[in-house]
Amino acid sequence: MKKIIQLITVIFVTSLLLGCDTYNKDEFKKLIQNSYDRVQAKAKIKGNFCYYLGSVKFPYTDEPVLADDIQWVIWNKGKLSRSLPLFAEIGLLTRQPVDGKEGLYHYDLTDLGREYQYEDIDRRDVEPIYDNSFCYGPIKVIKVTDVSEKTYERGLSGYNETQITVKINYQVVNTPEWVINNQDKLKALYGSSSVRLPDVTYPQSLLYIKGKDGKLYEKSWFYRVIKPSGKLLTDKE
C-alpha cells in the first residue's frame, strides 16, 4: 500500500480567479474542503489520517518468519509483529495466546476497532491482499493562507509546466480518545508527526498543475496512510 494516496481533481481555472493574476482563496477553500470530504465518503473512512497495520485479514493468528518466506512476506510479518500488539493494548484489537505455541497470538477486531477500520482489498492477484488500517481525524480547512504560481521548463510531467501551490491551515475534528490517550505510543511506532490533536492548527501545502486545457489538476494527498517505521514504546531503550 502506498504511504500517501492521491486524488486527481480537475477544475476550471476561471472559477478560482478574481482577476488576471489573483486567485480566489475562498473558492480554493471550498474546493479543498470538498475534496477532503469526498475522499472520506468514497473510501468510507473515519478520517484523513490512517495507521497502517499491514496486509492482514481478521481474525488473524501470528505466523513466525519461515526460511522460505519471500522478502515481502518477511517485511509484512515484521509490520504486524509491531502494529498488532500496539492496537491490542490500545483496545482496537483482541489478543489471545495460541495454545501450545509460546509467543504467538490470535487477533481480532473489537467493536471499537471495527468502527475505525479501513480495509482495502486488492484482488488483482490470485489471492486477494487485505490491507488494513485504523483511520481517524476528518480535516477541517480553516483558511487558505497563500496561493502562488510558478512556471518550470521541466515540471513533474517532464515538460513546461505551471504549478500552483496552495498553503492552508487546517484542524482535525473528532480526534478519538484512543489517539489522545496513546499519543506517545503511536508516535513511537508511526513517527512524531503521526498524531493530530483537536483544537490545534496545522499547516499544509497542496499542489495543482495548470493544464494546457485551462484546467487545474490536483496532485496532493487527501488521506494519508502512515506505515509503522519505529518501535513499540516498550521496546525503546
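Two strands count as paired here if DSSP finds at least two bridges between them, and strands themselves (E, at least two residues) are, like helices (H or I, at least four), DSSP runs numbered from the N terminus. The model on screen is predicted, with local features needing pLDDT of at least 70, side-chain atom pairs counting only at pLDDT 80 or more, and totals for chains, interfaces and linings using all residues. Residues are numbered from 1 along each chain as its sequence is written, and side-chain values use heavy atoms, with hydrogens and water left out.

Of its 237 residues, 44% count as buried, that is, under 20% relative accessible area with a 1.4 Å probe and protein chains only. Among contacts (heavy atoms within 4.5 Å) with a separation of 6 or more, 68% are accounted for by residues 24 or more positions apart.

Next, select strand β8, residues 129-136, where seven of the eight residues are buried, so that the strand is largely enclosed by the rest of the structure.

Now move to helix α2 (residues 71-90) and helix α5 (residues 183-190), whose axes come within 11 Å and cross at roughly 175 degrees, the axes being lines fitted to C-alpha atoms over the stretch in contact, with angles from 0 to 180 degrees between N-to-C directions. That crossing makes α2 roughly antiparallel to α5, a term for angles over 145 degrees. To see the contact, select Arg 82, Ser 83, Leu 86, Phe 87, Glu 89 and Ile 90 of α2 together with Lys 185, Leu 186, Leu 189 and Tyr 190 of α5.

Finally, stay with α5 and select its buried residues, Gln 183, Leu 186, Ala 188, Leu 189 and Tyr 190. What covers these buried residues includes β3, α2, α4 (177-180) and β13 (221-226). The tour ends at Gly 191, which follows α5 and has a positive phi, near 110 degrees.

Note on methods. Buried < 20%, exposed > 50% of the residue type's maximum accessible area, 1.4 Å probe, protein only. Parallel < 35°, antiparallel > 145°, perpendicular 65-115°, else oblique.
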